[in-house]
Amino acid sequence: MSAIKNSNDKTSSLNQVATDEDHFDWCEYLSNTLSVEVPPTFFDHVEKSLLNDLKKGMNLEVPLTEDGNTFWIASIVMACGPLLSLHYLGEKDKSNNFWCDLTKVTARPLGWCEKNRKTLFPPAHLQNEINYESLISGVKNELCVPEEFLTGEGVTPVGRIKQGMKLEIQDKNDPYRMWVATIIQNIGGRLLLRYDTPSFNSQDFWLFYSSHRIFPFGWAQERGAPWVLRRPSDIDSVHGVEEWESVLKNSKIEAQKLPRPNVDFTKSKSNVRPHDLSVGLKLEAVHPGTMKHVCPASITRVFDSYFFLVEIDSLDRSEKNKFTWLASVDHPYIFPVGWAKKNNVKLSFPLGSVVENKEFDWDQYLARTKSNAAPLPPKTNIVKDSNIVPEMKLEAVNPEMRHQVCAATIKVITQDLLWIKLDSTEPDQDYFIYHMDSLDIFPVGWCQSNCYPLEAPKMCALQEMNKTRDCKESDIKENTKFVCGMCPKIYFNYKCFSGPYFNKGKLAQLPKFVGPGPVFLVFREIIKHLISVAYIPSRVLKELEVTGEPKPGNILETFKTRFKGNLYRASVEIVNTSDKVEEFCKDICHKLKVCPYMFGQTAVGDKCPEKCYNITKRKIIMSATTSKGNKHSILIGGKKPGRPKLESTNSQHSPLFIYPKRPLEEEHSNQDVNKSHDSNIDTKSTKKKRYETRKLKVGPLLRDDNFQTFQVKSTPSKVTSVSNLQIDSKDKIGKKKCGRKSKTETARLKKLEEMYNATQMDDSMYQPIKSNPLLWSIDDLYRYLKKHKRL
């Protein structure tokens, strides 16, 4: 764990991000750039991908026993993905609500037990309180959870799309030309696809699951003409028709292994407005190759009254690449002639044209090309109802490298178009153009919630290049293999023993619980909370630091904290699967020397199973021999002030908590005491000396027959008390006796008092010193010694 000192140089907040960050953090980045994120509700495609159609009040049958033979009816209180908060039918106490993970628990729709001759019976605590037969008959006609949500395939559209499934993809240049593709990866609904081809050199491509180009497998065959299955137009192939037909046959066989996902991929022409355009008409369009410029374009093909092909104009005859849009009149990236000038957008000249004026002149261009402007109808819902403004932050796909998702900033907003700067690119790079409904923009934190690497801003990336990245890059690749599970609520039980590191007052101010949500995000937030309420945050970070490889299924996350002007970092291991949540909570509690129930899935309230409320914050001794199978508590600490009673070493029942004993005073040496006349005596030295001799107040000295002499020396302090004496003796200070003192003990104490009274404390020899001797020169020391006749 490294500490970075604060620099005295005045640097901008952006430079601080570049120098202090080796791991991108959205919260810190937003704070340092004084910016805000685009509201998550702005991204309709992301919101719809998380909808599961599970509503409050829906009923289902949940198992009561592990063998799955006894069920009872429960209703949904709250749904968070596949994680449901349920309430038993007939239960009046809301505190008995429980969480059910549909990916692990086999729940059934209403009526399943009756059809399959299974027992439908209430839990034991409700059997004598309700008339379950009347309750069962009363819920038969109520709202029921659909059976397709209980098949284990997933309750959200994203969750039902599996790797290896087959889809049909619309061609880029023909609306009715389809071909089969395989899902390689599903990242939060963003699908990595690969065409099924005779060769293995097919290039992968990314589409969001709700793209207008994605159709369910079998769509073309079911609809018939004009839909047709034909190899993609952008793939140059040397293979014959028979080889492509063989690929299609194999794809149909493979598609039967994984059934069609229960997701609505259906596209309807009812949402597409008809047109009356013809070939040769001119319009304006965003360049599909760069997504940076608005250019003159032409309609080169009309398929029917709904679809047509738009091509970016080029006067360079040597240019072989053609950039096209398959469009309808509502396409987001085509505009009527004059739109750019009306909205103060620069219109680029066609490639190969001779630039005579600074601005593009449509009248001259139409006259020279002998063409007309396309009569595009006005678009509907031009301005989206939103509160977005320039300089807001979001995450966006890099159009030039579509596997990259970058931190980005909105720079310009024109009607329903966004000019966005990717923060990971060079400062002088042109902005990319995105539509407000684009499927390539995402809210802040989308990559993290889907375990996908985010391209950090350029200033962070530059620093990363100067360091060894092999380990971190391997961690990122490894982390993308894991699937983030759902985590239930994790409660903070602040009344439990909080150990030596945490401030109990601050602990009580934390939220009562965190979650439910993805396991990684929940525990990332929990560890941040724990670090924030520590007396010394860097110490907690050090206790949690992992220097080696994480356990299988876990992820290393870098945490940062500041303490006394220094920035500390450490890699902390975080669980990423829901089946290890309980074990991970216990492990963290053990490392931080707190009650094992201080945070976890159980809200213990005032009744902690460890009965740790009487324990005080004294020195904690952790048992190194405690095994996993030991039933004793892992919490070992102190209790209320006072010495514990001596326990027999042969006792069969050892105490649950072990308390530290007060250390015996060390043997005092017969060294002379250094004298000093400084009135400001070092506080630590004084406290230590008083601690070492504090038992002289009660005189617990052990005397043997050989005891002859002891010497009393005074300290150079103006406080003349017994606590400032040093005793030089061959004997050690014994243990304090309890109870009534004997005559011998009384005589010893009396003799000690007489010896103390006889001791002469002559402080006249010490003269006051007006300056610090540590700062004296040789001449100052000579004058002092000569003045007091020491030379």
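Which residues point one way from β7 and which the other way? In this predicted model, with residues numbered from 1 along each chain as its sequence is written, local features need pLDDT of at least 70, side-chain atom pairs count only at pLDDT 80 or more, and totals for chains, interfaces and linings use all residues. Side-chain values use heavy atoms, with hydrogens and water left out.

Back to the strand: Lys 166, Glu 168 and Gln 170 point one way from β7, while Leu 167 and Ile 169 point the other way. Five of the five residues of β7 are buried, where buried means under 20% relative accessible area, exposed means over 50%, and partly exposed is in between (1.4 Å probe, protein chains only). Strands here are DSSP runs of E with at least two residues, and helices are runs of H or I with at least four, numbered from the N terminus.

Next come the partners of β7. Two strands count as paired if DSSP finds at least two bridges between them. β7 and β8 run antiparallel and are joined by five bridges, and the two form a hairpin with six residues between them. Leu 167 stands opposite Ala 181 in β8. β7 is also joined to strand β11 (residues 214-216), again antiparallel, by three bridges, and there the bridge partner of Leu 167 is Pro 216.

Helix α8 sits against this region. Its buried residues pack against β7 (166-170), β8 (177-187) and β12 (228-229), with contact meaning heavy atoms within 4.5 Å. Those buried residues are Trp 244, Val 247, Leu 248, Ser 251 and Ala 255. They cover an arc of only 100 degrees around the axis, so they lie on the same side of α8; the arc is taken from the directions from the helix axis to the C-beta atoms. On the other side, Glu 242, Glu 245 and Lys 249 are exposed. How far apart are the end C-alpha atoms of α8? They are 21 Å apart, which agrees with the 21 Å that its 15 residues (241-255) should span at 1.5 Å a residue; the expected span is 1.5 Å times one less than the number of residues.

Elsewhere, five strands make an open antiparallel sheet in the order β21-β20-β19-β18-β22. Its edge strands, β21 (432-435) and β22, each pair on one side only. Within the sheet, β19 (residues 401-414) and β20 (residues 417-422) are joined by six bridges, and Ala 408 has Leu 422 in β20 as its bridge partner.

As for the inside, a nonpolar core is a set of buried Ala, Val, Leu, Ile, Met, Phe, Trp, Tyr and Cys residues joined through side-chain atoms within 4.5 Å. The largest core has 83 residues, and Ile 169, Leu 193, Val 310, Ile 420 and Ile 441 touch the most other members. Apart from it lies another core of 45 residues, including Phe 502 and Cys 589.

Finally, how confident is the predictor? pLDDT is its confidence in each residue, from 0 to 100. The chain has a mean of 74, and 72% of its residues reach 70 or more. Among the elements, helix α1 (residues 13-20) has the lowest mean pLDDT (36), and strand β22 (residues 441-442) the highest (95). Over residues 619-737, pLDDT stays under 50.

How values were computed
pLDDT is the predictor's confidence in each residue, from 0 to 100.
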